[in-house]
Amino acid sequence: MGQMQTELHTGIELALALIGQKNLPDLLRSATSQMQKTFGLKRCWALELDLSGRTLHCSALADQRSAQGTSEFVCDDFSHPFAHLLQSGRPCAVSRVAGYRLEHPGFQALIDLSGRPGSMWLEPFFGSDGRTLGVLVLCSDQPEWARVTEQALYRSLRQIISHQWVSVLRNHDQIWQRRLLKRSLDHLQDAQLLRQRAKRLATVLVGHSQQMDELRVQTVRAASSQLAVLVQAETGCGKDVVAQAVHEFSARAKGPMVVVNCAAIPDTLLESQLFGHTKGAFSGADRAQEGLLTQARGGTLFLDEIGDMPLALQAKLLRVLESGQFRPLGAQQEQHSDFRLVAATHQPLQQAINDGRFRRDLFYRLNQFPLRIEPLRQRPDDLEALTRHFIRAYCEREGAGPQGISSRGLRRLKHYNFPGNVRELRNVIELACLQTPLGDDIQPDAIRLDDPFNEGFDNSGAAPLASDPYAQRSDNLDREFLADLPPLAQVQDLKTAAQAYEAALIRQRLQQYHGNRSQAAQSLGLPKRTLAHKCLKYDVMHP
């Protein structure tokens with residue numbers, strides 16, 4: 001009776017100790033420690049079976065410095081005692097002699113860590129749902145295992161350990177499922193936000209083609225990161241529009257966007273423009289000047305036509321990108337600027353690298369997030385959307401314009417290659433808007449698709465091509481224009497002659513645009529009010 005009370009008291013204490021463990025490693029350490037102490041064992045190990053069902057892992061072994069490489073036991077070899085145990089599902093005893101004959105190095109290391117016991121009891125652990133949880137290893141110098149395994153206390157402890165083991169795993173599964181659900185919801189929210197931003201971006205990156213859909217998505221993704229962006233495209237594809245979108249959709253949108261055209265600034269001035277200079281740094285530096293790197297702090301630095309940057313300056317730029325540090329010309333102290341870099345080029349940089357005109361290391365630093373814009377000829381599905389976009393933009397800017405474009409006009413556009421890409425299309429459409437009466441649709445005869453190097457002349461370059469209706473109309477207007485001017489021999493006052501030329505030109509443009517002063521003023525680069533004043537001054541009226 002006293003022994004039963006002692007076992008009951010001991011069992012309650014052990015059960016409370018096990019139930020208090022919240023994770024599996026702590027549970028197994030506590031269980032093996034309690035069993036080792038309660039039953040006078042030399043050592044006790046609990047090995048957890050992974051999801052594959054082929055590998056046993058023991059966190060207590062992993063804690064042993066001398067057990068490096070022995071905390072896991074791969075049981076795909078059926079001669080391994082653990083593999084046999086898992087296959088049969090029945091416990092077994094391994095004597096010292098039999099254990100030493102086994103040739104598995106991991107199992108030999110386990111024997112050594114157990115103090116070379118006289119016998120080992122290997123017992124599979126099963127959950128209430130029948131799945132195998134792992135293996136229990138008892139080590140003792142006494143081979144009579146019945147005195148331990150047949151005790152009611154041992155069987156009760158096994159049941160408590162098994163129940164708590166399953167409970168911890170189930171709780172872990174629930175946590176994992178909640179995390180997975182949260183990750184899925186976050187992914188859906190991110191995807192929805194990505195779609196919303198890409199849809200907003202469609203108002204500036206216009207087009208319905210698959211290439212443009214992908215470009216918008218990648219542009220939004222690029223904006224959400226801090227990676228350097230390299231935009232590569234042919235001239236006229238809208239690299240600056242993509243760069244602006246990366247800035248406006250980024251966390252730096254409230255900061256400045258500083259634009260540097262590396263091809264437009266002379267090499268001798270580009271370094272001073274980027275890094276700034278102190279007073280007296282070079283001849284003509286009569287005052288200190290803040291560099292564009294400093295001005296871009298907290299925002300975006302857009303280096304357009306980066307392929308034209310001199311090699312010497314490329315090396316200095318690379319250092320700035322790596323460290324964020326730079327030194328203005330003539331300065332003693334370095335400065336720091338935190339900016340996001342977006343670069344663009346129409347040049348094939350790989351060829352420039354092979355030719356020694358561009359640094360390979362700088363290319364990899366710039367090309368962290370590459371964006372490529374396909375030329376207009378490779379995305380004909382975007383032609384109509386872009387055309388109508390430019391017509392709307394023209395009408396909003398001028399306050400009036402054509403209603404749209406006819407189907408015949410669209411067909412003519414689709415048969416053209418557009419070597420100048422979107423920029424050329426915009427120029428063609430704006431010129432066609434000027435040629436079209438208000439409220440009408442753009443017709444084919446208003447669309448100028450001449451070769452820019454031919455300008456509508458024949459091979460002799462002598463006269464406009466007769467097949468071009470616009471050229472014929474322009475030729476007639478030119479003759480009328482010349483008829484309004486005095487012969488050169490009769491010019492005695494240069495100012496009067498200049499005014500006569502100006503009046504004749506204004507009259508010709510008003511006739512060309514059917515009396516529309518807005519269109520005529522734009523074609524002459526004048527404000528509408530200035531044109532009205534000149535018409536009054538020169539008594540120019542459109543018939």
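Which residue stands opposite Thr345 in E14? Point 2 has the reply.

1. A word on the basis first. This is a predicted model, in which local features need pLDDT of at least 70 and side-chain atom pairs count only at pLDDT 80 or more, while totals for chains, interfaces and linings use all residues. Residues are numbered from 1 along each chain as its sequence is written, and side-chain values use heavy atoms, with hydrogens and water left out.

2. The residue opposite Thr345 is Gln232. Strand E7 (residues 229–232) runs parallel to E14, and four bridges join them. Strands (E, at least two residues) and helices (H or I, at least four) are DSSP runs numbered from the N terminus; two strands pair if DSSP finds at least two bridges between them.

3. E14 has another parallel partner in E11 (residues 300–304), again through four bridges. Here Phe302 stands opposite Val342.

4. Six of the six residues of E14 are buried, so the strand is largely enclosed by the rest of the structure. Buried means under 20% relative accessible area, exposed over 50%, and partly exposed in between (1.4 Å probe, protein chains only). Arg340, Val342 and Ala344 point one way, with Leu341, Ala343 and Thr345 pointing the other.

5. Do look at Gln347, in the loop between E14 (340–345) and helix H14 (349–354). Gln347 is buried, at 14% relative accessible area. Beyond its neighbours within four places in sequence, Gln347 is in contact (heavy atoms within 4.5 Å) with Gln232, Gly307, Asp308 and Arg357.
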